[in-house]
Amino acid sequence: MNPRLPIIATAVVCLIIGLALGWLRLRHESPGTTPMPVVCESRFTDHEGVSVRLADCRGKPLLIYFGYTFCPDICPTELGYVARLLGALGPQAERVLPVFISVDPERDTPDKLAQFAPLFHPRLRAWSGTPEQVRAAADAFGVFYDRVQPAGSKPGFYLMNHTTTIFLLDAAGCLVGKLDSHLPLDESLAMIRTVL
Amino acid sequence: MNHLVLLLILSIPCVVAVESAVRIHEPWARATAPTAVAGGAFAQLINDGASDDALVSATCEVAESVELHTHVKDERGVMRMTEVERIALPAHQTAAMKPGGLHFMLFGLKRPLTPGTSFPLTCRFAQAGAITVTVQVLEAGSMGPAAASLGK
């Protein structure tokens with residue numbers, strides 16, 4: 001037996017592993033290649049008390065926004081923007097499912113969400129879940145949030161700092177775009193129309 | 001007669017002082033859910049005068065307290081809301097209190113803010129003193145009276 005065979009074999013194996021890892025990484029990082037569905041197993045309760053998971057929404061493009069109903073400014077701004085997008089889409093808006101996920105499940109009970117969602121759009125769904133489920137969903141989207149208590153505020157009072165991105169998912173559940181209210185409406189509409 | 005003239009002369013500066021150089025343009029608030037405890041209001045603060053001023057506090061009867069707040073977006077795209085002590089209003093300038101930035105934060109709402117209704121808001125300026133305006137409540141997702149009139 002050739003004494004160099006084990007060395008060559010090891011080198012070939014390493015090369016194959018290296019190439020495979022490189023290919024996986026490339027696939028993961030290039031937005032142009034096949035997008036993967038967002039994996040989120042969290043179970044939520046919507047504002048009508050219905051149990052729902054992200055995977056249940058396949059078949060329709062989704063606009064997903066993480067926020068909290070206590071938010072007096074940013075969340076209304078972004079949800080108002082979502083409502084304007086849906087309005088501008090006209091009848092095509094029926095194909096899009098707008099979803100608000102609360103990062104403040106402690107205060108945002110389904111009852112609260114039921115009062116909140118219709119303020120913005122009759123078809124807006126609002127989801128709440130356990131803190132663990134919400135955290136898992138936020139992680140799946142790369143959403144950051146934390147609780148802050150302003151100096152001098154009453155005990156129990158808090159605000160949430162949070163990411164303010166509106167995520168666009170296609171009907172297969174793949175993340176295809178990130179929107180926010182600073183984008184001109186036409187630009188966001190163009191992105192949405194690509195997945196209708 | 002001399003006294004009367006003197007009184008008139010002395011009263012002129014008082015009249016001038018009452019005529020404030022600060023105006024609060026198009027104050028508006030967003031509608032809230034029936035059980036909401038916080039709300040946001042916005043306005044354009046306009047200083048037509050030659051001296052600097054600043055908004056230092058505000059009160060209104062529909063909320064237990066009103067704070068002056070702003071938003072700062074960090075490098076991760078996370079929005080952080082912080083209280084500001086005052087909103088500077090330099091001479092001949094306008095400070096825009098608008099969604100995503102400076103706003104009146106209404107804490108402890110005593111009643112929900114319903115579209116089409118209004119409420120008085122008293123703003124206290126360092127120089128101009130107290131100015132009370134009527135705040136119009138617009139839709140929850142509104143971007144303000146100017147955007148509404150453009151049909152946005």
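This is a predicted model: local features need pLDDT of at least 70, side-chain atom pairs count only at pLDDT 80 or more; totals for chains, interfaces and linings use all residues.
Is A:Phe167 buried or exposed? Let's start there this morning, everyone. A:Phe167 is buried, since its relative accessible area is 2% and the cut-off for buried is under 20%.

Over all chains, the structure holds ten aromatic pairs. Chain A also has an aromatic cluster, made up of A:Tyr65, A:Phe100, A:Phe116 and A:Phe120.

Let me step back to chain A as a whole. You can count five helices and nine strands in chain A. If you walk from the N terminus, the order is α-β-β-β-α-β-α-β-α-β-β-β-β-α. Chain A has 196 residues, and 46% of them count as buried. What about contacts along the sequence? Taking those in chain A between residues at least 6 apart, 68% join residues at least 24 apart. As for the surface, chain A exposes about 9900 Å², and 62% of that comes from carbon and sulfur atoms.

One helix I'd like you to look at is α2 of chain A, residues 74–89. Its 16 residues span 23 Å from the first C-alpha to the last, close to the 22 Å expected at 1.5 Å a residue. How many of the 16 residues of α2(A) are buried? The count is 14, so this helix is mostly covered, taking buried as under 20% relative accessible area.

Please find B:His71, in strand β4 (residues 63–73) of chain B. B:His71 counts as buried because its relative accessibility is 11%. Its side chain makes a polar contact of 3.1 Å with the side chain of A:Asp73. Leaving out residues up to four places away in sequence, B:His71 touches A:Asp73 and A:Ile74 from chain A, and from chain B it touches B:Met79, B:Arg80, B:Met81, B:Gly100, B:Gly101 and B:His103.

There is a second meeting of the two chains that I like. B:Arg76 lies over the face of A:Phe144, 4.1 Å from the ring centre. Within chain A, you can see another arginine over a ring: the charged end of A:Arg135 sits over A:Tyr145, 3.9 Å from the centre of that ring.

Last stop, B:Gln44, which you'll find in strand β2 (residues 38–47) of chain B. B:Gln44 counts as partly exposed because its relative accessibility is 29%. Apart from residues up to four places away in sequence, B:Gln44 touches B:Arg23, B:Ile24, B:His25, B:Thr94, B:Ala95 and B:Ala96. And where is B:Glu75 relative to B:Gln44? The two are 31 residues apart in sequence, and C-alpha to C-alpha they are 28 Å apart in space.

How values were computed
Residues are numbered from 1 along each chain as its sequence is written. Chains are lettered from A and ligands numbered from 1 in the order in which they are written. Side-chain values use heavy atoms; hydrogens and water are left out. Helices (H or I, at least four residues) and strands (E, at least two) are DSSP runs, numbered from the N terminus. The expected span of a helix is 1.5 Å times one less than its number of residues. Buried means under 20% relative accessible area, exposed over 50%, partly exposed in between (1.4 Å probe, protein chains only). A polar contact is a pair of N or O atoms within 3.5 Å; within protein, one must be able to donate a hydrogen and the other to accept it, and residues adjacent in sequence count only if both atoms are side-chain atoms. Contact means heavy atoms within 4.5 Å. Accessible areas come from the Shrake-Rupley method with a 1.4 Å probe; for residues, only the protein chains shown count as cover. Rings of Phe, Tyr and Trp (its six-membered ring) pair if their centres lie within 6.5 Å; planes under 30 degrees apart count as stacked, over 60 as edge-to-face and the rest as tilted. A charge sits over a ring if NZ of Lys or CZ of Arg is within 6 Å of the ring centre and within 35 degrees of the ring normal.
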